[in-house]
There are 2 protein chains.
Amino acid sequence: MNMKDFIVSPNSKIQLDDYPTTVSDKPKDETLTTELIPNSVERLKELHWRLYAESKKGIIVVLQALDAGGKDEAISYIFSNLNAQGLKTNAFQKPSDTEKKHDYLWRMHDLLPERGQVGILNRSHYEEVIAPRVHDLLGDEVLPEEMDQEEVWQMRYRQINDYERYLQENGFEVIKFFFNVSKDKQRDRLLERLKDPKKNWEFSFSDVEERQHWEEYQEIFAEMLSHTSTEVSPWYVLPADDEWYSRFVISSVMIDVLERIDPQYPTFTDEEQERIDEAIQTLENE
Amino acid sequence: MNMKDFIVSPNSKIQLDDYPTTVSDKPKDETLTTELIPNSVERLKELHWRLYAESKKGIIVVLQALDAGGKDEAISYIFSNLNAQGLKTNAFQKPSDTEKKHDYLWRMHDLLPERGQVGILNRSHYEEVIAPRVHDLLGDEVLPEEMDQEEVWQMRYRQINDYERYLQENGFEVIKFFFNVSKDKQRDRLLERLKDPKKNWEFSFSDVEERQHWEEYQEIFAEMLSHTSTEVSPWYVLPADDEWYSRFVISSVMIDVLERIDPQYPTFTDEEQERIDEAIQTLENE
């Protein structure tokens, strides 16, 4: 697997059709679930413990998808294996009345991880260039007088890029996954949800309504990916019809990022080590 | 008074000596306190009510100074006259343990005003390019490996400019005042604080210690002003030895900004106006 295949090149102009929703050249599901993913998760756990112990850097993981793209399952099967103290999971909701009284990134505050943590954003600030655009929800109070709506989205792309660069420069990597699911596969998964009593609590009628906007969403996502995939914070487009393979790509990318950060367990000065040795002796002599 | 005289031109390289700490061509204190400032405050109150009623834009007022520069008094004599519901006053403190685990602008969140409010920052995010620089407090955890400290301050200037542009583009003007006080005047005011039982609770021994770093502070402030005075968010350097005149400059700048924003009381549609008329009639007929 070459992870670069999934990256949206900075400053490129892509269509979602350029990226497969399923790939032929991939390991079998059985190999993935019994071997590749478990091994990968073990390695990820070790690196995540080091990140947490060192507490210098943090990682922000952005998950964006259409309904039934596979975000929740990726969290369950990959991230839920990590030390919970070093993990912060958030679902991005509709803005509250208080949040609407502020700039649109204001509500990121409570969602951001601390140094040493991995923060998962199940939907994210990218909703601010998607949902209000599809449903024409941009309020007068946030539309600068001299701008039309189209200019606002372009401005927000720039602002989001600046924001993520700022975060990266201050120790927080932003890793972004887009789940590229086909329309047929979405239908299958939505039907499965509806028919399975263990899954139909996940179903919302709005999922079917949103499906009416399929083409518009595809275009808006493609534009968003084109404008906000940067050197410091690239987008990965996952072949989301392949659910196990997509999860394996995610954990592989996470390992790659963590190996680059290369967090270390704290080391001690000679003086500190002496005190540790003394403490060991005291306890052993008890 | 020409307010432009106090502005630091964007992209200029200034020294604090370029700006007077006291000016000769100014109204008498008696004229200021009995006439000019009261009139100015009345106008400011009216505009502030409109800002609050409209609730579209917000204003962030940054106050930076050396000790005894006059920040607190400016808040007391000018801003405290405004409708308190539309006012949010904050003193920027040393970062808490939780705040240290985040990027340095993370703690701005709780200090920002809502739409319709004026937020006063008594010290601000600009401390992040001052205090840790004078006292060499930049932690390893926030210093990117490939950078030296000097590069960090340059990076932060850019990040702060991006941040303030983002705020302005999203409806929040950032107005910045630096109180340019002379070393002699600072001594007089610190002595006054110490001797007056109604003022000496304001005194801190660190004020005298900080005074040892006077020259270093002057240089660092000048560099900060040079790099972060922008078209969208300029710095005003106040002749802070003239306390009443400085307060008058502040209220004049605030009026100027508010007149440019030109907030309006909400108007009603014909239908809404009809319902209002009906309500009036119902109440009058009671």
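The legends below describe close-up views of a predicted model.

**Figure 1. Overview of chain A.** Chain A of this predicted model contains 10 helices and 5 strands. Its C-alpha trace spans about 70 × 50 × 40 Å along the principal axes. Of the 286 residues in chain A, 51% count as buried. The chain exposes about 14,400 Å², and carbon and sulfur atoms supply 46% of that area. When contacts between residues at least 6 apart in sequence are considered, 82% of them join residues at least 24 apart.

**Figure 2. Helices α1 and α9 of chain A.** Two packed helices are described by the angle between their axes and the distance between the axes. In chain A, the axes of helix α1 (residues 29–54) and helix α9 (residues 243–261) come within 9 Å and cross at roughly 25°. Because angles under 35 degrees count as roughly parallel, α1(A) and α9(A) are described as roughly parallel to each other. Their crossing is left-handed. On the side of α1(A), the contact is made by A:D29, A:L32, A:T33, A:L36, A:I37, A:S40, A:R43, A:L44, A:L47, A:H48 and A:L51. On the side of α9(A), the contributing residues are A:W244, A:Y245, A:R247, A:F248, A:S251, A:S252, A:M254, A:I255, A:L258, A:E259 and A:I261. Sorted by class, this contact of α1(A) with α9(A) has 13 nonpolar, 5 polar and 4 charged residues.

**Figure 3. Helices α1 and α9 of chain B.** In chain B, helix α1 (residues 29–54) and helix α9 (residues 243–261) have axes that come within 9 Å and cross at roughly 25°. This angle makes α1(B) roughly parallel to α9(B). The two helices of chain B cross in a left-handed manner. Residues of α1(B) that take part in the contact include B:L32, B:L36, B:L44, B:L47 and B:L51. Among the residues of α9(B) that they meet are B:W244, B:F248, B:M254, B:I255 and B:L258. The contact of α1(B) with α9(B) comprises 13 nonpolar, 5 polar and 4 charged residues.

**Figure 4. Helices α5 and α8 of chain A.** The axes of helix α5 (residues 149–169) and helix α8 (residues 214–228) of chain A come within 10 Å and cross at roughly 45°. That angle makes α5(A) oblique to α8(A). The crossing of α5(A) with α8(A) is right-handed. Helix α5(A) contributes A:E150, A:Q154, A:Y157, A:N161 and A:E164 to the contact, while α8(A) contributes A:I220, A:E223, A:M224, A:H227 and A:T228. By class, the contact of α5(A) with α8(A) contains 3 nonpolar, 4 polar and 3 charged residues.

**Figure 5. Residue A:N161 in helix α5.** A:N161 lies in helix α5 of chain A. Its relative accessible area is 19%; because buried means under 20%, A:N161 counts as buried. With neighbours within four places in sequence left aside, A:N161 is in contact with A:H227, A:T228 and A:T230.

**Figure 6. Residue A:K94 in a loop.** A:K94 is found in the loop between β2 (87–91) and α3 (97–100) of chain A. This residue is exposed, with a relative accessible area of 77%. Not counting residues up to four places away in sequence, A:K94 touches A:E99 and A:R107. A:K94 and A:A131 are 37 residues apart in sequence, and their C-alpha atoms are 9.6 Å apart in space.

Figure 7. Most residues other than glycine have a negative phi. A:S55 is not a glycine, yet it has a positive phi of about 55°. A:S55 is placed in the loop between α1 and β1 (58–65) of chain A, and at 32% relative accessibility it counts as partly exposed. A:A68 is a residue other than glycine with a positive phi, near 65°. The loop between β1 and α2 (71–77) of chain A holds A:A68, and this residue counts as buried at 9% relative accessibility.

Technical notes: Residues are numbered from 1 along each chain as its sequence is written. Chains are lettered from A and ligands numbered from 1 in the order in which they are written. This is a predicted model: local features need pLDDT of at least 70, side-chain atom pairs count only at pLDDT 80 or more; totals for chains, interfaces and linings use all residues. Side-chain values use heavy atoms; hydrogens and water are left out. Axes are lines fitted to C-alpha atoms, for helices over the stretch in contact, and angles run from 0 to 180 degrees between N-to-C directions. Helices (H or I, at least four residues) and strands (E, at least two) are DSSP runs, numbered from the N terminus. Angles under 35 degrees count as roughly parallel, over 145 as roughly antiparallel, 65 to 115 as roughly perpendicular and the rest as oblique. A crossing is left-handed if the near helix is turned anticlockwise from the far one by less than a right angle, and right-handed if clockwise. Contact means heavy atoms within 4.5 Å. Ala, Val, Leu, Ile, Met, Phe, Trp, Tyr, Cys and Pro count as nonpolar, Asp, Glu, Lys and Arg as charged, and the others, Gly among them, as polar. Buried means under 20% relative accessible area, exposed over 50%, partly exposed in between (1.4 Å probe, protein chains only). Accessible areas come from the Shrake-Rupley method with a 1.4 Å probe; for residues, only the protein chains shown count as cover.
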